[in-house]
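User: Please go through the model shown below and answer a series of questions on its contacts and backbone geometry.

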Amino acid sequence: MSLINARILGTGSYLPEGLLTNADLEQRIETTDAWIVERTGIRERHVAAEGQFTSDLAVEAAKAALLSANMDANDIKLIVLATTTPDRVFPSVACLVQGKLGITNGCPAMDVQAVCSGFIYALSTANAFIRSGQVKTALVIGAETLTRITDYNDRGNCMLWGDGAGAVVLGASEEEGIISTHLHADGRHEEMLYVEGGGTRGIGEPAYMRMQGNGVFKMAVNTLDAIVDETLAANELQKSDLDWLVPHQANKRIIDATARKLDMSMDRVILTVGEHGNTSAASVPLALDTGVKDGRIKRGELILMEAFGGGFTWGSALVRF
Ligand code: COA
């Protein structure tokens with residue numbers, strides 16, 4: 001096994017200024033703040049401004065992560081960006097970000113599409129590049145403008161989604177960093193969570209997310225249960241060895257279920273869904289940066305990140321911070 005580890009050198013995030021509260025939704029659809037809070041834990045979400053796209057949010061998060069790692073943009077030797085709401089079909093958002101950050105060293109840049117599991121997939125990809133010795137540094141970003149593909153007439157769905165971006169800078173290190181990653185997919189359930197319109201099947205049609213909420217909920221809880229077991233078993237760890245759960249922020253009830261499974265009290269869980277909503281690929285790095293910046297997550301602590309999303313895809317990363 002390689003002695004090179006990928007260590008998180010810095011974290012950053014960005015939330016656009018615009019806010020959509022449950023009170024705002026009460027004006028647009030037949031719903032109540034109490035219903036949304038009880039079923040999802042969400043109170044408000046951030047919304048990108050007109051003319052502000054996924055790459056713009058990603059660049060702000062990346063700059064913050066570079067600052068916290070004390071690195072220049074041109075020190076980065078790989079960009080892996082997870083999104084399901086790219087500015088354009090191509091170029092990739094990763095390439096747009098490379099250009100906007102002024103990176104001229106020719107480093108590879110690519111998008112990863114695994115919907116809400118995107119950041120875990122991207123982290124795992126960058127980890128493999130570093131561990132195999134191909135690069136010494138990487139910028140890993142999750143960024144979304146999901147409100148652009150949200151149908152605000154669909155009351156069973158539209159209260160979930162928000163915009164934002166999070167990023168980490170990884171560096172090759174002999175110290176422990178990303179310990180293991182675990183990725184899975186099951187492509188048999190397209191009709192349960194997908195975007196109608198857009199893509200080559202629906203050019204010119206409005207692109208809106210469609211979801212069978214109940215079915216997705218059950219699938220998410222079951223797969224996350226399993227991946228938590230898989231991650232602990234692969235590393236011969238006990239639940240009590242974990243310091244922090246940094247989960248995908250889809251729904252507070254899903255997060256509660258994973259925390260119960262891990263016998264973790266909620267003060268060991270970074271919870272941002274109430275203020276961010278579900279920001280898909282951005283949610284895990286946004287939650288990580290929140291916990292790091294407010295001083296809860298400290299160097300040397302053991303973090304379990306996990307996510308579930310469209311595809312279906314799911315994954316986890318065990319990280320010594
Ligand atoms: N406000 C008020 N009532 C609403 C509502 C809203 N925004 N949306 C739906 N309802 C109603 C439904 O019409 C239904 O009424 P009925 O019983 O009279 O038919 C009732 O609430 C229950 O609907 P249901 O869809 O069964 O609700 P639910 O408890 O499953 O909650 C979700 C809906 C979307 C919150 C829930 O299914 C969920 O969180 N799913 C997972 C979503 C997710 O995390 N997806 C992303 C994965 S990455």
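Analyst: The side chains of Glu196 and Arg210 meet in a salt bridge, with 3.1 Å from N to O. A salt bridge here is a side-chain nitrogen of Lys or Arg within 4 Å of a carboxyl oxygen of Asp or Glu. This is a predicted model, in which local features need pLDDT of at least 70 and side-chain atom pairs count only at pLDDT 80 or more, while totals for chains, interfaces and linings use all residues. Residues are numbered from 1 along each chain as its sequence is written, and side-chain values use heavy atoms, with hydrogens and water left out.

User: How many residues apart in sequence are the parts that the pair of Glu196 and Arg210 ties together?

Analyst: Glu196 belongs to strand S9 (residues 193-196), and Arg210 to strand S10 (residues 208-211). Helices (H or I, at least four residues) and strands (E, at least two) are DSSP runs, numbered from the N terminus. The pair therefore ties together parts whose separation in sequence is 14 residues.

User: With which residue does Arg210 form a salt bridge whose closest N and O atoms are 3.0 Å apart?

Analyst: Side chains of opposite charge can pair when their charged atoms come close. For Arg210, the partner at 3.0 Å between the closest N and O atoms is Asp151.

User: How is the protein chain divided, and how much area do domain 1 and domain 2 bury between them?

Analyst: The chain is divided into domain 1 (5-175) and domain 2 (179-320), with bounds from an automatic or database domain assignment. The contact (heavy atoms within 4.5 Å) takes 53 residues from domain 1 and 46 residues from domain 2. Buried area is the accessible area (1.4 Å probe) that two parts lose on being put together, summed over both. Carbon and sulfur atoms carry 61% of the buried area, which totals about 3,800 Å².

User: Across the interface of domain 1 and domain 2, how many residue pairs are in polar contact, and which element gives the most to the side of domain 1 that touches domain 2?

Analyst: A polar contact is a pair of N or O atoms within 3.5 Å; within protein, one must be able to donate a hydrogen and the other to accept it, and residues adjacent in sequence count only if both atoms are side-chain atoms. The rule finds 24 such residue pairs across the interface, both residues at pLDDT 80 or more. On the side of domain 1 that touches domain 2, the element giving the most, with eight residues, is H5.

User: Which residue has a polar side-chain atom 2.6 Å from a nitrogen atom of the ligand?

Analyst: There are 23 residues around the ligand, where near means that a heavy atom of the residue lies within 4 Å. A polar backbone atom of Arg155 is 2.8 Å from a ligand nitrogen, and an N or O atom in the side chain of Asn214 is 2.8 Å from a ligand oxygen. The side chain 2.6 Å from a nitrogen atom of the ligand is that of Thr31.

User: Where is the peptide bond cis with omega near -15°?

Analyst: Most residues other than glycine have a negative phi, and most peptide bonds are trans. The bond from Phe90 to Pro91 is cis with omega near 0°, and Pro91 sits in the loop between strand S4 (79-82) and helix H4 (93-100). Phe312 lies in the loop between strand S12 (302-309) and strand S13 (313-320). The cis bond with omega near -15° runs from Gly311 to Phe312.
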